[in-house]
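Here is my note on this model, point by point. Please keep the structure open while reading.

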Amino acid sequence: MSQGVTTRPEGSGQPLSEAYDTALLDLDGVVYAGGSAIVHAVDSLAEARAGGMHLAYVTNNALRTPDAVAEHLTELGIPTGADDVITSAQAVARLISEQVPAGSRVLVIGGEGLRVALRERGLTPVESADDDPAAVVQGYGGPELTWGRFAEASYAVARGLPWFASNTDLTIPSGRGIAPGNGAAVEVVRIATGAEPQVAGKPLPPMHRETILRTGAKRPLVVGDRLDTDIEGAFNGEVDSLLVLTGVTDGRQLLAAPPQHRPTYVDADLRGLLTGQPEVTEDGAGFRCGGWTATAGADQLELAGEGDALDGLRALCAAAWTAAGDGSCELDGGKALARLGL
């Protein structure tokens, strides 16, 4: 990763699948949405894998086990083994195991993915605050998780037990739209107790550590759709990142991104793994990419030219991020984005 404050998306003269040995891929919003594969995902991943790139799937969703995730991906046409899946449940289970005695009981507020990960670390999942747990762990439990589970966590945390969360994503994409994520559930317990959990998932270091330990990646590329988890996680891990626009991040959010949320590369979808990335250059007229030139005006971002919309977005990012420096760009980019259809 380049040093200092990132002021523009980088170019790459070779396909990203050749420049990096391992793709650390987020799932929701990148590979699939709900139960269906995102357009171009299956073919793009197959071509990257055939070219020698190791594909690893890294998710903050602690609900499903690695076996279940691998089975789902395989059903979608993406052959995957359980060892290729890294979850925030695994990261938080390792974190807990380092702080409580071996064999300890842990109160689980979440799904089967958490229980399996805890057992992998020699810990015993329990269901009640009255089961003498040594810690409490909270992870996404799906739409069927009942309100009483949050109360159970609150009772235990209020007694002074250490509290852990797999992740704090406030939302999660689904086939029907954006739904509340584990972060929303964590807020319920936080409000009830006034406590703060230890968090393992992206963008925090425990998740990056778990990913590198399990994949052995030497030159990884983080691929995600969220600035505040995937891209910030890559920033914290000092590795490069590719933002794909198939999930929750839109053009306005990207232009306003502070340094820790600025991806190395930007592309429409996973086809971006298979190509080089165009360079953004600067001259007296502004920031150029493809047929577009972007500049920062007094109160808005300006865009001139024509060509591929993504090139225009890359040029706008360079203008916005340079104007913002180590802050967040407050210039209006709405008119320019509308011209790009973004």
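1. Start with strand S13. Pro220, Val222 and Gly224 point one way from S13, Leu221 and Val223 point the other way, and all are buried. Buried means under 20% relative accessible area, exposed over 50%, and partly exposed in between, with a 1.4 Å probe and protein chains only. S13 covers residues 220-224 and is mostly covered, with five of its five residues buried. In a regular strand the side chains alternate between the two faces of the sheet.

2. Some ground rules. This is a predicted model: local features need pLDDT of at least 70, side-chain atom pairs count only at pLDDT 80 or more, and totals for chains, interfaces and linings use all residues. Residues are numbered from 1 along each chain as its sequence is written, and side-chain values use heavy atoms, with hydrogens and water left out. Helices (H or I, at least four residues) and strands (E, at least two) are DSSP runs, numbered from the N terminus.

3. The neighbours of S13. S1 and S13 run parallel, joined by four bridges. Ala23 has Leu221 as its bridge partner in S13. S13 also pairs in the parallel sense with strand S14 (residues 240-244), again over four bridges. There, Leu221 stands opposite Asp240. From S13 the chain crosses through helix H9 (residues 227-237) to S14, and this β-α-β crossover is right-handed. Right-handed means that, with the strands pointing away from the viewer, the path from the first strand over the helix to the second runs clockwise. Pairing requires at least two DSSP bridges between two strands.

4. Helix H2 (residues 41-50). Its buried residues are Ala41, Ser44, Leu45 and Ala48. Down the H2 axis these fall within an arc of 95 degrees, so they line one face of the helix. The arc is taken over directions from the helix axis to the C-beta atoms. Asp43, Glu47 and Ala50 are exposed on the other side of H2. The buried residues of H2 pack against helix H1 (16-19), strand S1 (22-25) and strand S4 (54-59). Contact means heavy atoms within 4.5 Å. Gly52 follows H2, with a positive phi near 105 degrees.

5. The antiparallel sheet. Four strands form an open sheet in the order S16-S17-S18-S19, with antiparallel pairing. Strand S16 (281-283) and strand S19 (301-305) are the edges, each pairing on one side only. The twist averages 30 degrees from one strand to the next. Three bridges join S17 (residues 286-289) to S18 (residues 292-296). Arg288 stands opposite Thr293 in S18. Helix H11 (residues 309-324) lies across S17, S18 and S19, at about 25 degrees to S18. Axes are lines fitted to C-alpha atoms, for helices over the stretch in contact, and angles run from 0 to 180 degrees between N-to-C directions.

6. The cores. The largest nonpolar core has 28 residues, and those with the most contacts inside it are Leu254, Leu255, Leu303, Leu313 and Leu316. Such a core is a set of buried Ala, Val, Leu, Ile, Met, Phe, Trp, Tyr and Cys residues joined through side-chain atoms within 4.5 Å. H11 gives the most to this core, with 10 residues. A second, separate core of 27 residues includes Leu27, Leu55, Val69 and Ala70.

7. One last site. Thr87 lies in strand S5 (residues 85-87). Thr87 is buried, at a relative accessible area of 1%. Not counting residues up to four places away in sequence, Thr87 touches Thr59, Asn61, Arg64, Pro66 and Met207.
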